[in-house]
Amino acid sequence: MHFSSRRRKEEKKKTMAISCLSIATNLTVAPSPKSRNQTHTQNPLNLTLKSLSNSGKLDEALRLLLESSHQSKSALPQPNVDSYAAVLHACISRKSFDHGRKLYLHLLQTEEKKDLLKNPTLKSKFVTLFSACGKLDDARRAFRHGVDEMGSVPESVYVAMAIGFSKNRNFREALLVYWEMLSRGVRPGNFAFSAALKACSGIPDIGNGRAVHAQIIKSDEEADQVVYNALLKFYTEYGSSYEVLKVFDGMPDRNVATWNAFVAGFANKDQFFEALETFRKMQRDKVGFSWVSLTTILSVCSRMTALYFGKEVHCQIIKSAESPDVLVLNSLLDMYAKCGVTEYCKKVFDGMKSKDLTSWNTLINAYAINGLMAEAVTVFDQIIKAELKPDEVTFISLLSGFSHAGMATEGQILFDRMSAEFNIVPSLGHYACLVDILGRSGNIEEALEVVKKMPMKPSGSIWGSLLNSCRLHGYVSLAEVIAKQLFEIEPTNPGNYVMLSNIYAKAGIWDKVHTVRELMEERGIKKEAGCSWVQIQDRIHSFVSGGGFEFRNSYEYRTLWDELTREMEKNGYTPDTGVVLHDIDDEMKVEWVCGHSERVATVFALINSGSGLPIRITKNLRVCADCHVWMKHVSEVRQRRIILRDTNRFHHFEDGKCSCNDYW
């Protein structure tokens, strides 16, 4: 059960070489010899073993197998390879490591049975079982046992070991196994190609992935759908758009899994428009869909606040002949939550036949991010009454909601209950919420005390929360100390530099504002431009702060803008130029603040949407104070409900008021 010294040295050398490994694409290798067809007489023992194994009676099956192995002169038939394979198959299905290990030790310690461990079928099954149970050392030993004496090892054995490593996220070792297979002259087939591509995706290693692709092209065996899907998944994650499209267009057949990989690839790269368009094309081509398809696209709708697209997906779920699984319905809940439609979220939740804790957590988060903390607490109480145990996510949603609602006392009480009543050890995320609760409410000293007493090192999010608290309450000196910590932890995060610059600007310390901006230029850090988007019917329109000149110079825009200006002035609105943190004159500041992306998006929606319809806008940054006041006035003078989602929370504007009560 142990490697030889020579083998360990070889393994160490290979592991050290993996960082610069380059798989050759021009290897000339001989195909692995086919195993000869052997005629087996029907063994009655195997029927009994299969029956016991299939019914879950592994103890009895293993006892019978071992007894028949020891009693060569008894009436019991002698077991053959199929006998052991039947029991191992059941062990794999039930992930029964103990039964598999007993069988392995039996074969290893029985001299006349020892050679069975070199049998490719049994070796592959032992490797699969041990790796599926997370016992990689045992899997590795089973794989290595007798390899040098076997002469030729089939591709299936190498693939079993490579898959085992990948499933346990040891992608480098998986790629090493593939490299070893090539070096031993075994020709890779589709199973090996897909395993190698998964390993390359996990490292990630674009060079070796392209090398495997070259081998696929040169292979005599035609690539199957699994290999093409693996290629597509690899390039969507790490390749260029050109490579993705080339693989996709070159596929002889495309199934639902192919399209799912295509859509998910765009989603993972935050290319949401491309993901939605690909899903549209999938529908036009009448490919159909799986629950994975809908789960993926609902996640995209959630992140883009694309409510109309999300509703279309909901219709497809309702029309489906099959009952949706919990994952799909949880994604649907999240979509409605992230689009600010809590009433639909609650309807979907109430209609679910089976709910898991994620369902409850999603509903709590829906209420929390939309400022409905009373409803969120009610759902939490229902979880307790249902005798479900809340988890870490439950408390993060509630604590974050308390923070943005200004409910400092309630937040502190809940934080204490989490460990005392529910035995949940606070994580870094929970401490970040507590620090934010204290800092936002003006209790900076208490927040700093929490940071000092934390059992773990403060993260960038915790220091960032403290810096934001300094911005809210004008603590310039403390902000400088905190910013220094942030610049060390997150040296390339533009938000930290911008926040410190804004703190200086608000205090009128313009020389330090310029110093921060010069530091950003030296380090090549650019401020993220404000961007807002709004969905009108089936199209999503995006606007960048200071941009959209063609629309802003249009007759429709200027006419409505002038009307709004007159109506809002009568309503008592005057622009707050203090939010423009640049050393320029007041007239320029007014022009600047009027070009904020959320305002342009709102005017666009007023022009292009029906009277009385809600306007839903998403912004990639925090809404500024003057735009927040402006939105309240627009909702009042135009009698329109405006739902704005920024990086922190939702703002529901109606009749001149906001759901956040001006605390955000």
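Author: Let us begin with charges and rings: a charge sits over a ring if NZ of Lys or CZ of Arg is within 6 Å of the ring centre and within 35 degrees of the ring normal. Here, R254 lies over the face of F248, at 4.2 Å from the ring centre. Likewise, K355 is placed over the face of F349, 5.0 Å from the ring centre. Please note that this is a predicted model, in which local features need pLDDT of at least 70 and side-chain atom pairs count only at pLDDT 80 or more, while totals for chains, interfaces and linings use all residues. Residues are numbered from 1 along each chain as its sequence is written, and side-chain values use heavy atoms, with hydrogens and water left out.

Reader: How many aromatic pairs does the structure hold?

Author: Rings of Phe, Tyr and Trp (its six-membered ring) pair if their centres lie within 6.5 Å; planes under 30 degrees apart count as stacked, over 60 as edge-to-face and the rest as tilted. The structure holds 23 such aromatic pairs. One of them is edge-to-face, because the rings of F380 and F395 have planes at 70°, with centres 5.7 Å apart. This pair links distant parts of the chain, 15 residues apart: F380 belongs to helix α22 (residues 373-385) and F395 to helix α23 (residues 392-405). Helices (H or I, at least four residues) and strands (E, at least two) are DSSP runs, numbered from the N terminus.

Reader: Are F380 and F395 buried or exposed?

Author: Buried means under 20% relative accessible area, exposed over 50%, and partly exposed in between (1.4 Å probe, protein chains only). F380 counts as buried because its relative accessibility is 3%, and F395 counts as buried at 0%. A tilted aromatic pair is formed by F543 and F604, with 5.2 Å from centre to centre and 55° between the planes. It links distant parts of the chain, 61 residues apart, with F543 in strand β2 (residues 539-544) and F604 in helix α34. F543 is buried, with a relative accessible area of 10%, and F604 counts as buried at 13%. Ring pairs also link F543, F551, Y557, W561, F604 and W630 into a cluster.

Reader: How many salt bridges does a search of the whole structure find?

Author: A salt bridge is a side-chain nitrogen of Lys or Arg within 4 Å of a carboxyl oxygen of Asp or Glu. A search of the whole structure finds 25 of them. Among them is the contact between the side chains of D436 and R440 (2.8 Å, N to O). These two residues are separated by about one helical turn, because they are four residues apart in helix α25 (residues 428-440). Both D436 and R440 are buried.

Reader: Which residue forms a salt bridge with K453?

Author: The partner of K453 is E449, and the closest N and O atoms are 3.9 Å apart. In helix α26 (residues 444-453), K453 and E449 are four residues apart, so about one helical turn separates them. K453 counts as exposed at 66% relative accessibility, whereas E449 counts as partly exposed at 36%. Another salt bridge joins the side chains of E598 and K619 (2.9 Å, N to O). Because E598 lies in helix α34 (residues 597-608) and K619 in strand β3, this pair ties together parts that are 21 residues apart in sequence. E598 counts as buried at 0% relative accessibility, and K619 is buried with a relative accessible area of 8%.

Reader: In which sense do strands β3 and β4 pair?

Author: Two strands pair if DSSP finds at least two bridges between them. Strand β3 (residues 615-619) and β4 pair in the parallel sense, over four bridges. T618 has R645 in β4 as its bridge partner. Four bridges also join β4 to strand β5 (residues 650-654), and these two strands run antiparallel. In β5, H652 stands opposite I643. With four residues between them, β4 and β5 form a hairpin.

Reader: Which way do the residues of β4 point?

Author: From strand β4 (residues 642-645), I642 and L644 point one way and I643 and R645 the other way, and all are buried.
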